[in-house]
Amino acid sequence: MRIGIIVAMDKELRQLKQLFDSDNVRVEKCGIGKVNAALGAQRMINEFHPDIIISSGCAGGNGDDINVQDVVVSAELCYHDVYCGTAIDNTTQYGQVQGMPVRFKADKELLEKAQQFSILNSQFSIHAGLIVTGDWFVDSKEKMRSIIEKFPEAKAVDMESAAIAQTCYINKVRFISFRVISDIPLRDTDASQYHDFWNTIAENSFQVTKTFVESL
């Protein structure tokens, strides 16, 4: 089985590259944002032909049960900054690209394995739920509130996962996202939690992705 892991940033790449030493697992950096994510996922598919793609990295968290260093696994994904209007198709929902699913679902078997994995590995706090994606680094409570107003059930906000999910959907490649929570924007000021995460506690935060891959 070939597994492709896509991250956005050099510091995420360094964390994950050192965890894998197998020709069947490839870790690549796509760059930040939806376009980079989609291009990176398509390149991974064209060149490596993976059976599974995992979006990994960090994300902002949401919810009373979510804390820094917890991991959110995508049960489903959509965009928080996409609106196609109702002029042509009044069934298209906010966050949905017209012609695409309302929400991209993680591969059912992978999600079930992730949920079983979370029960068996008590050292990891893992939450399955909605991840929303957009081209915006959420560094203010006001911006986070505007996102959560439309997606109150969202567990995490990132800048790549839904774009990778859409690319995998089009190419019929199994997909799931693992996102380590680096900050809780509604409890943060000036992204201080995010900077503290990388300065003090990021080391070993991506071990859950390695452990999951080893369980496949």
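**The largest pocket**

By class, the lining of the largest pocket comprises 13 nonpolar, 2 polar and 5 charged residues. Here Ala, Val, Leu, Ile, Met, Phe, Trp, Tyr, Cys and Pro count as nonpolar, Asp, Glu, Lys and Arg as charged, and the others, Gly among them, as polar. The model is predicted: local features need pLDDT of at least 70 and side-chain atom pairs count only at pLDDT 80 or more, while totals for chains, interfaces and linings use all residues. For making selections, residues are numbered from 1 along each chain as its sequence is written, and side-chain values use heavy atoms, with hydrogens and water left out.

The space in this pocket is about 250 Å³. Select Cys 58, Ala 59, Phe 137, Asp 158 and Met 159, which are the closest to the pocket centre among its 20 lining residues. Then colour strand 3, strand 7 (154-158) and strand 8, the elements that give two or more residues to the lining. Helices (H or I, at least four residues) and strands (E, at least two) are DSSP runs, numbered from the N terminus. On a 1 Å grid over the protein atoms alone, a pocket is an open set of points with protein on both sides within 12 Å along at least five of seven lines, a cavity is a set of points where a 1.4 Å probe fits but cannot get out, and lining residues have an atom within 4 Å of a point. Grid points are joined across faces, edges and corners, and a volume is the space filled by probe spheres set on the points.

**The cavity**

How many cavities of 30 Å³ or more does the structure hold? The count is 1, and about 40 Å³ of space lies in the largest cavity. Select its lining: Val 138, Asp 139, Ser 140, Lys 141, Asp 183, Pro 185, Asp 188, Thr 189, Asp 190 and Ala 191. By class, this lining has 3 nonpolar, 2 polar and 5 charged residues.

**Aromatic rings**

Next, display the side chains of Phe, Tyr and Trp. A search of the whole structure finds 8 aromatic pairs. Phe 178 and Phe 212 form one that is tilted, at 4.6 Å centre to centre with 45 degrees between the planes. This pair joins distant parts of the chain, 34 residues apart: Phe 178 belongs to strand 8 (residues 174-183) and Phe 212 to helix 7 (residues 207-215). Rings of Phe, Tyr and Trp (its six-membered ring) pair if their centres lie within 6.5 Å; planes under 30 degrees apart count as stacked, over 60 as edge-to-face and the rest as tilted.

Are these two phenylalanines buried or exposed? Phe 178 is buried because its relative accessibility is 1%, and Phe 212 is buried at 0%. Buried means under 20% relative accessible area, exposed over 50%, and partly exposed in between (1.4 Å probe, protein chains only).

Select Tyr 79, Phe 104 and Tyr 169 to see a cluster linked by ring pairs. Then turn to two lysines: Lys 143 lies over the face of Trp 136, at 4.1 Å from the ring centre, and Lys 150 lies over the face of Tyr 94, at 4.9 Å from the ring centre. A charge sits over a ring if NZ of Lys or CZ of Arg is within 6 Å of the ring centre and within 35 degrees of the ring normal.

Select helix 5 (161-171). It is largely enclosed by the rest of the structure, because 8 of its 11 residues are buried. The buried residues are Ser 161, Ala 162, Ala 163, Ile 164, Ala 165, Gln 166, Thr 167 and Cys 168.

Continue to Lys 172, in the loop between helix 5 and strand 8. Its phi is positive, near 60 degrees, and the residue is exposed, with a relative accessible area of 77%. Most residues other than glycine have a negative phi. Another positive phi, about 55 degrees, occurs at His 49, in the loop between helix 2 (34-48) and strand 3 (52-61). His 49 is exposed at 53% relative accessible area.

**Cysteines**

Finally, display the cysteine sulfur atoms. The count is 0 disulfides, a disulfide being a pair of cysteine sulfur atoms within 2.5 Å. For Cys 84, the nearest cysteine sulfur is that of Cys 78, 12 Å away; Cys 84 is partly exposed at 38%. For Cys 168, the nearest cysteine sulfur is that of Cys 30, 11 Å away; Cys 168 is buried at 1%.
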